[in-house]
Amino acid sequence: MPMAPPPDFDTLTVADIARLADSDRLPPVERWNPTHCGDSEMRIARDGSWYHQGAPITRPAMVRAFSRILRREPDGGYVLVTPVEKLDIAVEEAPFVALEMKAEGEGRDATLAFRLNTGELVTASATHPLRVEERADGPHPYVHVRGGLEALIARPVYYDLAERALTGDDATPGVWSAGTFFALQS
C-alpha cells in the first residue's frame, strides 16, 4: 500500500499538527533486534538529502519510508532496521532537518511545531526538547524527534526562533513551547 503524502503544513494549526504527530503509527524499530547484516551504502547529508551508493534518492516517498525504519544505536551509530536485517547508515549531522516552524501563542503560552524534510511533524515539548550546541562555526540547533533521533533546525527557522527569544521577557534568551522553556544559548 503506498504511503500517504504528508499534509500541507501551511493549512494546519498547531493543534492539528499535534494530533497528526500523535496519531502517526511508526514501526516498532526499538523492538526489532536482527543480527547485523552490513552497510546499507546509504548516507544522510547535513542538508537532509539521502544518498545510496553516492547517488541522491530523489523520490520523497522513498526517503520517508526509509526514515521510518531509522534507529539510533546505543553506541551513537545509525541503522536501518527491519525484523530480519539491520544495516548501517552514515549520518553527517542529524538524520532530519526542521525546514518550517509554525508558532501559536506568546511567551509561556506558546506552542512551536516543526515540519521535517521527511514530512514528519514534531511539536517542541518536554518530550521533544529543543537544544543548541555551540561550535566554532556557530550555533547548531536541534529538536528531538524520537528514540535519540534529532532534526537539525534549518538556519532560517533558527533565526525565527532567535527573534522570538530576543523579544521575550525571560532573563535567558530562549523560547517557550507546550509549557517548557528552552534556552537558545549554552
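**A close look at strand 5**

Author: Let us begin with a hairpin, in which 4 residues link strand 5 to strand 6, where a strand is a DSSP run of E with at least two residues, numbered from the N terminus. This is a predicted model, in which local features need pLDDT of at least 70, side-chain atom pairs count only at pLDDT 80 or more, and totals for chains, interfaces and linings use all residues.

Strand 5 (residues 78-81) and strand 6 (residues 86-91) run antiparallel and are joined by 3 bridges; two strands are said to pair if DSSP finds at least two bridges between them. Within this pairing, Leu80 stands opposite Leu87 of strand 6.

Strand 5 also pairs with strand 4 (residues 70-72), again in the antiparallel sense and over 3 bridges, and here Leu80 of strand 5 has Leu70 opposite it. Strands 4 and 5 form a hairpin as well, with 5 residues between them, and in its turn Gly76 has a positive phi of about 95°.

Turning to the side chains, both faces of strand 5 are covered, since Tyr78 and Leu80 on one side are buried, and so are Val79 and Val81 on the other; buried here means under 20% relative accessible area, with a 1.4 Å probe and protein chains only.

Notes
Residues are numbered from 1 along each chain as its sequence is written. Side-chain values use heavy atoms; hydrogens and water are left out. Buried means under 20% relative accessible area, exposed over 50%, partly exposed in between (1.4 Å probe, protein chains only).
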